[in-house]
Amino acid sequence: MKNRTLLTWFALGHFANDWSVCSLWLIVPAVGIAMNLSPAEVGLLFTICNFGGALAYLPAGILADHVSNRGRLLVATFWWVAVGYLLAAMAPGFWSLALLLAIAIMGDAAWHPIASGVLVRENKERRAHVLGIHAIGGSLAEVLSPLAAGFLLAYIDWREALAVSALPAAFMGFFFFIWVARAVPRVEKKSISQQDMLGLLDMWRQGHGLRMVAMICLYNMALMALLSMIPLYLADRYGFGPEAAGIAFSAMLIVGALAQPWVGKISDIAGRRPVVVFGNLMAALAIGLLVFQPSLWAMIAAMTAAVAALKAIRAAVLAGAVDHTGHSEGTTLGLAFALLNGIGALGAVLAGIAAGFSWSHMFGLAAAFAFFAASLGIVTIFGNAAASVTTKIAECTEESS
């Protein structure tokens, strides 16, 4: 199977696995209304779900680097998602729902470092570009799934909507098993070395690695704060129903979704830092406008600009993490995803707490997350920048000798 065809299948697989997760942007607020939950409890439900996924990212990334047949691992993620969400649809209460959703999200979480690890290993010179193409699948799911969920919730309850959301993963699991899994490039099977793992972790525990970790976390805290609270805000402040909220939410996501491959390609050429810093700063300014509660259409425009800016740079952020280590792509991406959706998920519950004071407090908190992420990006040397410095030093040394 040609690389372009495989990339297309991976984008479709990303779309199918993320469909269930993305439907939660509308289904969880519907659960909140049905169970009479506060904004903080809604944010907590999002955070618990993402913590579940965070537990799966790093193990899946390690498997991607050490298991030869990664195609089988990818097939398993679809069935995990499908079965997990069907079970969650039968949960009797808040805590059982939170636990079952956290377990179900582990399947989708495992997909990301395995699939993206395959892609960056096979496309070393255009990492952010291929990650951006792969991300289109997930981003389109974020656009279309809430839209579909919003319309479903107008006619059926949240349990039935959650069960329906599991269907794309079930179908894609079948297609991958029949056609795609055997075409996934294999790697040499190797044992997991404790020394290699400790060496990899050492790269993140000091200096620029530590600053990059903080930047990744703050970046996703800003995004999670917005995405988890926007549907609730539109319902509370402007009386949006599920259909209207789904349409508005999906419209906000589509710009960033379509921009990811283009922005990723720019970061492959111009470097990660300018792209990451500009995206976070643009988001911080747009969210800052929301603090002043402008008119509805100005509010929608500012929300769209903020979400688009943060979504568009996601591939550059992930590619920057791989650049920093330069090897163990699956494990590195597993760690990056764990930071994004583990610590970064705290943005949802913190935003919910801030919303308990006022919506202006919530938007101010999200703006602060994006601003500090941009500030850290300025003082962080990304992997490709460090490599460039090393190359220049070597060239100067050769010239002087």
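Aromatic pairs first. This is a predicted model, and the count of aromatic pairs in it comes to 18. Take one of them, F10 with F176. The ring centres are 6.4 Å apart and the planes sit at 40°, so this pair is tilted. For reference, stacked needs planes under 30 degrees apart, and edge-to-face needs over 60.

Where do F10 and F176 sit in the chain? F10 is in helix α1, residues 3-34, and F176 is in helix α7, residues 167-180. Buried or exposed? F10 is buried, at 0% relative accessibility. F176 is buried too, with a relative accessible area of 0%. And the two rings belong to a cluster: ring pairs link W9, F10, F78, W111 and F176.

Now the helices that carry this pair. Two packed helices are described by the angle between their axes and the distance between those axes. For α1 and α7, the angle is about 155° and the axes are 8 Å apart. That makes α1 roughly antiparallel to α7, because the cut-off is over 145. The crossing of α1 and α7 is left-handed. Who makes the contact? On the α1 side we have L6, W9, F10, L12, G13, A16, N17 and W19. On the α7 side we have P168, A169, M172, F175, F176, W179 and V180. By class, the contact of α1 with α7 has 13 nonpolar residues, two polar and no charged.

Stay around F10 for a moment, and look at H134. H134 is in helix α5, residues 127-153. At 3% relative accessibility, H134 counts as buried. What does H134 touch, leaving aside neighbours within four places in sequence? The list is L7, F10, A11, H14, W111, A115 and L119.

Next helix pair: α9, residues 207-238, and α12, residues 296-312. Their axes come within 10 Å and cross at roughly 155°. α9 and α12 are therefore roughly antiparallel to each other. This crossing of α9 and α12 is left-handed. From α9, the contact uses Y219, A222, L223, L226, L227, I230, Y233, L234 and Y238. From α12, it uses L296, M299, I300, M303, A306, V307, L310 and K311. How do the residues of this contact divide by class? There are 16 nonpolar, no polar and one charged. Under that classification Lys counts as charged, and K311 of α12 is in the contact.

A110 is found in helix α4, residues 94-122. A110 is buried, with a relative accessible area of 14%; the cut-off is under 20%. Leaving aside neighbours within four places in sequence, A110 is in contact with A60 and T77. A110 and L73 are 37 residues apart in sequence, and their C-alpha atoms are 8.6 Å apart in space.

Last one, S250. S250 lies in helix α10, residues 242-270. Buried or exposed? S250 is buried, with a relative accessible area of 4%. Not counting residues up to four places away in sequence, S250 touches E142, V143, P146 and L147.

Conventions: Residues are numbered from 1 along each chain as its sequence is written. This is a predicted model: local features need pLDDT of at least 70, side-chain atom pairs count only at pLDDT 80 or more; totals for chains, interfaces and linings use all residues. Side-chain values use heavy atoms; hydrogens and water are left out. Rings of Phe, Tyr and Trp (its six-membered ring) pair if their centres lie within 6.5 Å; planes under 30 degrees apart count as stacked, over 60 as edge-to-face and the rest as tilted. Helices (H or I, at least four residues) and strands (E, at least two) are DSSP runs, numbered from the N terminus. Buried means under 20% relative accessible area, exposed over 50%, partly exposed in between (1.4 Å probe, protein chains only). Axes are lines fitted to C-alpha atoms, for helices over the stretch in contact, and angles run from 0 to 180 degrees between N-to-C directions. Angles under 35 degrees count as roughly parallel, over 145 as roughly antiparallel, 65 to 115 as roughly perpendicular and the rest as oblique. A crossing is left-handed if the near helix is turned anticlockwise from the far one by less than a right angle, and right-handed if clockwise. Contact means heavy atoms within 4.5 Å.
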